[in-house]
Each structure stands twice: as C-alpha cells, then as structure tokens.
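Student: Could you walk me through this structure a piece at a time? I would like to ask questions as we go.

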Amino acid sequence: MRIFSKKRGNIIEMVLNPLFHVLIAFGIILLLLNYTTSVGKSSYYEREFLSRNTGLMIEALQAAPNNVTAKYTLSTHGLILSFEKDKVVAYPHDVDPETSNVKVSAYPIIPSSLKIDENILKPNIITGAKGKEVPFPFKLSFQKTSERIIPTTEGYSPKHEEQKEANCIFVNTLDEVWADQKKVLIDVIDVGKQGATKDNILSSTFAAGICGSLTLGTSDKAFLPINSDCKTLGMSIDDHIKKIENLNPDLLIILFVNTNNETENTLKIYYVGDGADKNKEIKLACQIISKLLDADIKYTSAQKIGGLPPYLSHISSVLKGRTSILIDVGNINHLQNKDIKQISEALHDAVKTYYTS
Amino acid sequence: MLSRLTTLAKNKRGEEIAADATFWIFRILLILILVFSLIFFVNTVIKKNIDTGTLELDLVAARILYSPGCLSKSDEIRNYPGIIDKEKYDENYLKLNCIKETDRVLVGLMISLEGQNPIYINQEYYEDVEPLTFSKRYNKAEKNLPVIVGNETKALKIIVVAEKR
C-alpha cells in the first residue's frame, strides 16, 4: 500500500486509492449482507418442512393397520398446502405454483392402492398492524379409510374472514414471563343501567360468572409463573383506580359492563396504543378475539383507546403506563351462561397464549 | 489492443500501466475468491435440508408389515399386525395393492420370508441402488422380524433402498 510509503504521493494515491478500496470492501459487505438476508427471509425451510411433514403423515397412515383419524395443529407460516395424487406441495399464498417453481416444495408420496383425495388447504391470513399478514395455523385432519386418505382442515370457521380487520401482530411476550412472577389482574366493572357515574358499580352475577370459571393461576400455576386475580375491585371508579394502582399488575384486563348500552352481545376491545407496550396490548386483544371466533358472541376489532365512548373515559387513566386492555362487554342481558363461560375461557386461553408465545 | 499495450510497454508510463493492470487482475481474482469462499462458508453453516431418509424407509417397511394391502393378515372385521397372510406373499399382489410400480420409481424393496424365495418391488431399481447405499445420496433400511405365518413363527427380512427425496 503506497499510503504507508514515506514518499509523499499525489492526490490520486492519497485519496482515490483508499476510497476505491473502501468502496470495494463496502460492495463485498453489501453483497454478503444481501445474501444472508435473503437466506434468512426465505421460506425454503418452512416449505420443505410442511410438505415433508404432511407427506410423511400420509405415508404413516398408509402403514396404519386399520381406519384412522389423525388431527393436529400445524403452523403454516402463510403457506398453502396442496395434496395431489402422488405428492404434497407447499408454496407461499402469494405465489402461483404453475409459474413459480422456485418457491414450491414438493414431497413425492410412494404410491399405494389407497387413493389420496386431492385438496388445497389455505391458511387463514389476517391482516395485522402495518399491513403485515399473519397466518393462523392449520388444524389438519386426516382420515384413513380402507380405500382412501382424506386430508382436510378441521374446525374452519367462516368467521375467520371477519378477522381481517383485527390488529394482530407477533411480539415476543414469552421471554419476559420467566423474568419474574407476573401479576395478571382482571377487573370487572359493572355499572348496570345507571351508566358510569362515580359510585354505582355492582357486584354483578356477570363478574361471578367470569371469575368463577376462570382457572388462570390455578391449573396453570404449575408451569406459568403467573399470579392472577379476577374480581370487582370496588363500588366506585375511584376505588378501582386506587386499587389497581396499589396492586400494580403486569397485565390488566378491565371488563366493562353497561346494561344501558344499545349494542347487545358485542365485545369491543380497546388498547392504550401508546408506549412500548402497544404491540403487546394489540397481541393480547387479538388473542382474545381469536379465541372467540367460534363463539356466538359478536366482536369488533381492537381499537385505540382514543376512540373510547364518553362513558368509559373515567377509567382510561388507569390503563396508561402498564400493559392493559379494556373490554367493553356492553349489554349483558342477552348473554347466556355459555357465552359468559366462552368469554372466560377466551380470557384464560388468551393470557396463556400471550405468555407462551 | 495488443499493439497498443506493446507500444505502451515500450515507454515508462506504459510499463507502469501494464504492471498496474497485472496487479489489478490479481486483486480482482483475490476479491472473487474471498467473496465465493464467504458464500460457501455461509452455505455450509446453514443446514437447510431436512433429513428424514431413515424415517421414510422405516414407514415403507412398516407398510409392508402392518397394512392390510400388504402382507398383514386381515379379514372383514379387522387386521392382524404381525401375522402374515401367506397368500399375500406374492410379487404381483404387492405391486397391485401395496406399493404400486410407477414410471417415477421412488423406492426398491426386497422381501424375504424364511423358507420362501425373496420377492421384489421395483427389482431393477433395487439391484441398481442397493450396492450404492454406502453413499450419502442413498438410504437403506433393513428389518429382520419374527412373524407368524399360519401356525409357525418365521423370520421376515425387509430391505428398502431409495434415493434421498
């Protein structure tokens, strides 16, 4: 390198030569980064896994001595699974397998006298925050009879289509659960017909129903370090705010019941939408909605608390500064016991999923 | 081009340019070697393939043993795993009901029941591939199992070979 020479070089040697070397080094780094990014983003592994896994399942069923029904949930990563006569093909939902061979993985199945029913299984894609598409996992079902193998999705509900508006995103809330004991507080505020004035909160049967069948913190205690509580915290909004602040939960879910509300059997979920916990709140809200997909209860998409109706504005302050969501249950007069149980189970499952994914 | 380089080489400036050109060719070659070795290194570190070769062949052997379309004894009510129907120990029956021979051959089998001649499925493929199974490109699974045939216990040997799918 002439740059280290004692002899003083000209302007080309002193500036342009090192610059040229830096440019070449930059080009190499860019090339390698681009390559490693493309490897990281590629769905090659997922496609291979999905086609191979389901192909092996079919071959295992071919070996089964008798008729069998096998069901399992399989994460799809947004891939479409196509069962054809002699192979299982996996490809991204935005790719045409006829024209794009690059992104298609096929696993050939050793043929037998058993006919494989041709079927194309598509994941339920929901559009998440910032237009990110989030696939729901397949619930695969295989039925083997003496003559054929039938691959289908099990439990598919057309209600999934309504899910398209939900702000569902992936954010890691698994790691934090093991950091220390987590406190989950579910506070039921039932203002009855009076509306949310300051001191008319009821100890409603709804609260008893929700909290009575909520098993979080008992059956799950063994494997999740969660301390949960579900109750009506007081007779006034101020009581609630004070007690929530004293308890300082890591995760706060407020269920607001207002029998004066005109909308019946409709859940509205609000999240604070500010700060670092925004994505976590959206995730939790989406988890609750997803657990209610097969229920008879209607729901609307999760929305920012900025759009709170006036009757809920009293309690919005307590939601800020912690991971919290507010569920407006509305008029519960037409909720049956099974609906309440479903909401309770949805809360339980959503919190569990929240802390395990 | 050559005459121009020769003319250049005749004077001092030309000599410098020629020396620089050789030097740059060497440099570019080095850079290319560096880039390709890094890509090769990354590729060797990232294992993208899912190796299920042994499992695949074990499933084929299991199919021969347990599937009612293969060797396993069965009646209208149920199947009897571990009991071999002697009438099913027939090459044509197995090719028709157990593992169909198609244009695209995926697997070759040799099945040998004690006291009987061995039978083959995709025999030509089996005989071609079996000697090559020392290679990582091919898989081989061998099962030796006691089975019941009629009132007797006999040894059943199944050898499955296949190219990696």
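**Around one isoleucine**

Tutor: Let us begin with A:Ile110, which touches A:Glu59, B:Val60, B:Ile99, B:Leu106 and B:Val107, leaving aside residues up to four places away in sequence. Please keep in mind throughout that this is a predicted model.

Student: Where does A:Ile110 lie in chain A?

Tutor: A:Ile110 is in the loop that runs between β4 (105-108) and β5 (115-116) of chain A.

Student: And is A:Ile110 buried or exposed?

Tutor: A:Ile110 is buried, because 25 other C-beta atoms lie within 10 Å, and the cut-off for calling a residue buried is 20 or more.

Student: How far apart are A:Ile110 and A:Gly55, in sequence and in space?

Tutor: In sequence A:Ile110 and A:Gly55 are 55 residues apart, while in space the distance from C-alpha to C-alpha is 9.4 Å.

Student: Let's move on to the two chains. How many residues of chain B are in contact with chain A?

Tutor: On the chain B side there are 31 residues, and they are in contact with 25 residues of chain A. The elements of chain B that give two or more residues to this side are α2 (12-45), α3 (53-66) and β2 (79-84).

Student: Which element gives the largest share of that side of chain B?

Tutor: The largest share comes from α3(B), with seven residues. If we sort the side of chain B that touches chain A by class, we find 18 nonpolar, seven polar and six charged residues.

Student: So what does α3(B) pack against in chain A?

Tutor: One partner is helix α2 (residues 44-62) of chain A, which packs with α3(B) at an angle of about 20°, the two axes being 8 Å apart. Angles under 35 degrees count as roughly parallel, and therefore α2(A) is roughly parallel to α3(B).

Student: Which residues make that contact?

Tutor: From α2(A) the contact uses A:Leu56, A:Glu59, A:Ala60 and A:Gln62, and from α3(B) it uses B:Leu55, B:Glu56, B:Leu59 and B:Arg63. By class, the contact of α2(A) with α3(B) has four nonpolar, one polar and three charged residues.

Student: Which strands of chain B does α3(B) lie across?

Tutor: Within chain B, α3(B) lies across β1, β2, β3 (108-113), β5 and β6 (152-163), and it runs at about 25° to β5(B).

Student: In what order do the strands of that open sheet come?

Tutor: The six strands of the open sheet in chain B follow the order β1-β2-β5-β6-β3-β4, and their pairing is mixed. The edge strands, each pairing on one side only, are β1 (72-74) and β4 (119-121) of chain B.

Student: How do β2(B) and β5(B) run, parallel or antiparallel?

Tutor: They run parallel, and two bridges join β2(B) to β5 (residues 138-149) of chain B. In β5(B), B:Val149 is the bridge partner of B:Ile84.

Student: Back to chain A, then. At what angle do α5(A) and α7(A) pack?

Tutor: Helix α5 (residues 278-291) and helix α7 (residues 337-355) of chain A pack at about 135°, with their axes 8 Å apart, and α5(A) and α7(A) are therefore oblique to each other. The crossing in which α5(A) passes α7(A) is right-handed.

Student: Which residues meet there?

Tutor: A:Lys283, A:Leu284, A:Gln287, A:Ile288 and A:Lys291 in α5(A) meet a group in α7(A) that includes A:Ala346, A:Leu347 and A:Asp349.

Notes. Residues numbered from 1 in each chain as written. Chains lettered and ligands numbered in written order. Predicted model: local features only at pLDDT ≥ 70, side-chain atom pairs only at ≥ 80, totals over all residues. Contact = placed C-beta atoms within 7 Å. Helix = DSSP H or I, 4+ residues; strand = E, 2+ residues; numbered from the N terminus. Nonpolar A, V, L, I, M, F, W, Y, C, P; charged D, E, K, R; others polar. Pairing = 2+ DSSP bridges. Axes fitted to C-alpha atoms, helices over the stretch in contact; angles between N-to-C directions. Parallel < 35°, antiparallel > 145°, perpendicular 65-115°, else oblique. Left-handed = near helix turned anticlockwise from the far one by under 90°. Buried ≥ 20, exposed ≤ 12 C-beta atoms within 10 Å, placed from the backbone.
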